[in-house]
Amino acid sequence: MAQSMEVDAPASASAGRPPSTLYNYVVTAQQPTAVTHAAVGNFVAPGEINLVLSKSTHIEVITLTPEGLQNALDIPVYGRISALRLFKPKAAAQDLLFVLTEHYRFFILRHDAAAGAPVTVASGDVSDTIGRPVDNGQLGLLDPECRCIGLHLYDGLLKVVPLDPATGTPGPEAFSARLEELNVIDAAFLAGCPTPTVALLYEDAKHARHIKTYCVGLRSKDLEEGPLAHQNLDAGASMLIPVPAPLCGAIVVGESVVTYFSAGAAPYQRSAALRQTIVRAYCQIDEDGSRYLLGDYLGGLHLLVLACVDGAVVGLKLQPLGTTSAASALAYLDSGVAFVGSRSGDHQLIRLHSEPLGGAAPAGAAGDAAAGAGAAGAGSSAAGAAAPAAAAGAAPASGAAAAAAPGAGEDGAAPLAGGGGEEAAGAAPPPCYVEVLDSFTSLAPILDFAVQDMDRAGQGQLVMACGTLRDGSLRVVRNGIGLNELNCVELAGIRGVWALRPGWRDAHDRLLVLTFVGETRLLAIDEDDELGEVELEGFDSARQTLLCSNTAHDTLLQVTSAGARLINATGSRLLAEWAPPAGSSLNIAASSPTQLLVSTGGGSLTLLDIGPGGFTVAGTTTLPAEVACLDITPLGDDAESSSMAAVGTWSMEVCLLALPGLRQLESVGLGAERVIPRSVLLAGFEGGAARHLLVGLGDGALHSWRLDPTSGALSDKKQIQLGAKPIQLRTFAAGGVSYVFAACDRPTIIYSQNRKLIYSNLNESEVNFMAPFNSASFPDSLAIAKEDSLTLGTIDAIQKLHVRSVPLGEQPRRLALQEATRTLGVATAGLLGGMAPSGAPQDRGQLIIFDDATFDRLAAYGLGPQELACSLTSVVFAGDDTPYYALGTAIVKPEEYEPSKGRLLLLAYRGAGRLEVVESREVKGAVYALAPFQGKLLAAVNSKVHVFKWTPGNGNGSSGGGGAELVSETSTPVQVLSLFLAARGDFILVGDLMKSLTLLAYRSAEGSLEVRARDLDSKWLTALAALDDDTYAIADNSHNLVVLRNNSDAASDEERARLQAVGCFHLGEFVNAMRHGSLVMRLPDSELASIPTLLFGGVEGAIGVMASLPQELYALLEKLQGAMQKVVQGVGGLDHAAWRAFRDERRSEAARNIIDGDLVETFLDLARDQAAQVVALMGPGHTVEDITRRVEELTRLV
């Protein structure tokens, strides 16, 4: 019977302590990146090829076009996806999408071309009140004739959902049919059967594996024995592949053999030997099912060919093709191009070749491969054209669940069996038929990470141990965009920078104009493609330049305080000049290719038309206030002439004027802050589909409006604080996309996605001016002027998070930063995760030391045979200033359920590549966790927690300790297995495998540990962290996040001994690590500047942020979240409140005291009428503008 988890009310919880950590906000900084399912079909439109990927809690739809892979849809799902299939009913022009979630909800989606979004065709709850959930994962099956859906959710039961074959809509009633087979490994519907026929691959009580079929009676609602049954398959049989008509039947894939079973009147089978491995994914190449791609757990890619004669399979042929990332999902696209989705490494777009790459194949191999790997040519040319340009946007995702288990940890690493993929020492590499066309970054699984504050400015970067087996790597994740420096010159006092082309239609820039107080300098690209200073007579070098640009008449424009100059294309001769009236000077200017707008002070504006030979006054006006900034960037169809001018004034207003008459169209105030606008810009994004007016203020604030270029009407005002110093706005283009560069103390790149402005920080500081500089020597570069230097560089791909990869080529386990030596220690488990198959060379882990800035390898220490690294930390002991790496290991023996031995090692990096073992101490169990503690070392060894101190002794450690040794000062047993440790003051948090959290107190005077409090609720923990002295965050293996509180001021001993849950929330992510820190720099005057944040990373590659909120802000967001739940409907009819409710195997409870930031931040994407509806539901006292401002402030947390 379900029980409810006791959750304290916030009011009683806040007595006597800071209330902020009781109210929390959880938001995703990086969506899951591991792919769990992939399907290819025509989902968006009948003629399109779409790749549909599931990423744990998201569905990504990618369109295959001649220009490349392009993201078409990103669909968030209120659930963890356990099955995903495309199918086409008989009367449908395009595919429908079937999705099943782990919480027993299913839905069918159809893409609505008119709305540009998916619509729900059907949805339902397929849970049962009784039944034991399956251990091998939920299975969702579709009959090839679209007659029914089969769901295996509970042991011994098959749920059947009848479908209308014409429309694909479910029938009136689903039913459950009893199965004799309790341990089903895989299942599939067979093709070519008069009634729906399901094939089951199952294991009996003696661990033997068999295949059996059942015919599904949709009218009788029962199962009858089918045409196929076979006993005693390969012991490692784990995959069932249905073969389409006309061949029909099924393929069973084992660890050492692949077998085809026919399903006709005269059953037969054909087999082929497979080099021992574990196949994790497959995809069909041909419509007739004669060729398949198989991907194994080590990244091996194999081709399976069914040789047919007269419609019968006469043999199977298996051909190794090469190595990719370890595949969790494969999808054949077209013309020999396939997609490899992975849970343990980067995703890849590959091309299959009929001939081996880089050389000839051994005799007989080339022909075999040509029969199948040469799948190129069978289909349209879209995939072939897409391949080179595939970087357009498939960074897929979703991940492998893992359980914290003894000796295995929570890594999500696949278990090893057999020697798949490993070549004998000295053997020649096999021929490779796989070309990797593109690679898409995936962080999954995140095994461990550390927060590194490189510039000591409060903005951290994450150094992560990611991937499994040979896909293991370090990933350096930073918020914002990196600048790749090409050249840097020390130049102080730059007051402006512009790039000039030789002619209007030339692609490359030739001149770089730099202006200073009282002078202007010119840099030019010479014949050797080098940038050097030049003097050109046409330019006025004795004055400070206000503006430089190319004109549409192949002339150059220079504006100084003395006037405007028109110069020939080479810069050698002055063609024309315009000067302001006597007694006045120019102070501000803006230009288009055929126009120049200048201000001479006192609010005076003059518009000049630029002709081939000079200037013509087109209009004048005088504004009531002094002009502060100008812009006349063309936004209409005419790219050479602007119909509108934007003017910022000293009266804290921005005006829009019609050109050429300078008639006012619109005027808006900038608020009551009394800050002068410093830069104004008319910006067009998304190919001109999104037009905005941007205004940068002197205090670092940026105002934006949506702009109607015809009427000048402004709407949807937004404000965001970019920095604390004046902003200068400039446009630039990269990859055919328009961006805006906001130069200030926190430089930001602004772009638009789905008509929404996105802000990404540039990982630089204090940029004063920027100009795009695209030359043959420095293609697609930016010239960035700082206070004392000029830098030429290129920027990384525009994205929210910048990820740098450092391949390891082996399985990482734990990592630790050591600030004193500026190094990073990474403990690995070897290429095969420390579990080499029998007969293979011994695979050993090691501790590798890297430079923490360059990530160059500095030193390494190898572990012993059967020794697995379990924990790593950096520690400095009391009385010894030397920083040590403390490494905890376990000796893993096959006959032991729990390790009985392990080692605790202290290693010191001495520089110059020397890593010295200072102490090696054997302990009675696995050292699952280590943590520095008050000049001592905490160690969790099996079920005990030890406090070790570094004391003078006889140096009996195995390597000698220079007269010191590790001594266990005290220890105490805790629960079942102590897997996690965290320390705060005198308190120690211990996370148990099964028994949740225990709070220990260290008595320094007595040198002892005592149990202060426990969480009496049973939870299988995966990560923990202390939010403050009395409040703790934990994550469990049911994907929940729980906040516990220590009742240190309670009246009774019983209450003080119990940790109480004050917050609970379903994350939907398996969390492996939690660390304090931030991915963004906090502004001191920001409302959220003092809010503490906790970062977490999980198996699926997701990165999240947990922020503790003031109670007043929490109350506001709780109202907003409640209103959003009523207005924003989940895809497939899924309910947000049900999705975020705490749940495990025994109970469920509504989410408490934790706000879903992902839902709250979608407020910024709502249409104006929807946003107004949400605000109205919140009650009186709120406005759309106020809520928008508060939510935008929250987006700065990530």
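Gly735 is exposed, at 82% relative accessibility, where exposed means over 50% relative accessible area, buried under 20% and partly exposed in between (1.4 Å probe, protein chains only). Gly735 lies in the loop between β54 (728–734) and β55 (737–743); strands (E, at least two residues) and helices (H or I, at least four) are DSSP runs numbered from the N terminus. The C-alpha atom of Gly735 is 8.7 Å from that of Asp780, 45 residues away along the chain. The model is predicted: local features need pLDDT of at least 70 and side-chain atom pairs count only at pLDDT 80 or more, while totals for chains, interfaces and linings use all residues. Residues are numbered from 1 along each chain as its sequence is written, and side-chain values use heavy atoms, with hydrogens and water left out.

**Overall composition**

- The protein contains nine helices and 87 strands.
- Of its 1198 residues, 58% are buried.
- Among contacts (heavy atoms within 4.5 Å) with a separation of 6 or more, 55% join residues 24 or more positions apart.
- The whole structure has zero disulfides, a disulfide being a pair of cysteine sulfur atoms within 2.5 Å.
- Cys432 is partly exposed, at 26% relative accessibility, whereas Cys548 is buried, at 4%.

**Nonpolar cores**

- The largest nonpolar core has 82 residues, and those with the most contacts inside it are Tyr25, Ile59, Met1074, Leu1120 and Phe1163; such a core is a set of buried Ala, Val, Leu, Ile, Met, Phe, Trp, Tyr and Cys residues joined through side-chain atoms within 4.5 Å.
- Helix α5 (residues 1111–1127) gives the most to this core, with eight residues.
- Another core, apart from this one, has 25 residues, including Leu536, Leu556, Leu557 and Leu596.
- Beyond its neighbours within four places in sequence, Ile59 has contacts that include Val52, Leu73, Ile81 and Val99.

- Helix α5 has 17 residues and spans 25 Å from its first C-alpha to its last, close to the 24 Å expected at 1.5 Å a residue; the expected span is 1.5 Å times one less than the number of residues.
- Among the buried residues of α5 are Leu1113, Leu1116, Leu1117, Leu1120 and Met1124.
- The cover over the buried residues of α5 includes β1 (24–30), α8 (1168–1178) and α9 (1184–1195).
- Helix α9 has 12 residues and reaches 16 Å from first to last C-alpha, close to the 16 Å expected at 1.5 Å a residue.
- Buried residues of α9 include Val1184, Ile1187, Val1191 and Leu1194, and the buried residues of this helix pack against β1, β53 (714–721), α5, α7 and α8.

**Strand pairing and backbone features**

- Strands β40 (residues 563–567) and β41 (residues 574–578) pair in the antiparallel sense over four bridges, where pairing requires at least two bridges found by DSSP.
- Leu566 has Ala576 of β41 as its bridge partner, and Gly571, in this hairpin with six residues between the strands, takes a positive phi near 80°.
- A cis peptide bond joins Ala245 and Pro246, with omega about 15°; Pro246 is in the loop between β18 (239–242) and β19 (250–253).
- The bond from Ala444 to Pro445 is also cis, with omega near -20°, and Pro445 is in the loop between β29 (434–440) and β30 (446–452).
- Ser335, a residue other than glycine, has a positive phi near 50° and is buried, with a relative accessible area of 8%.
- Asn942 has a positive phi of about 50° although it is not a glycine, and Asn942 is buried at 16% relative accessibility.
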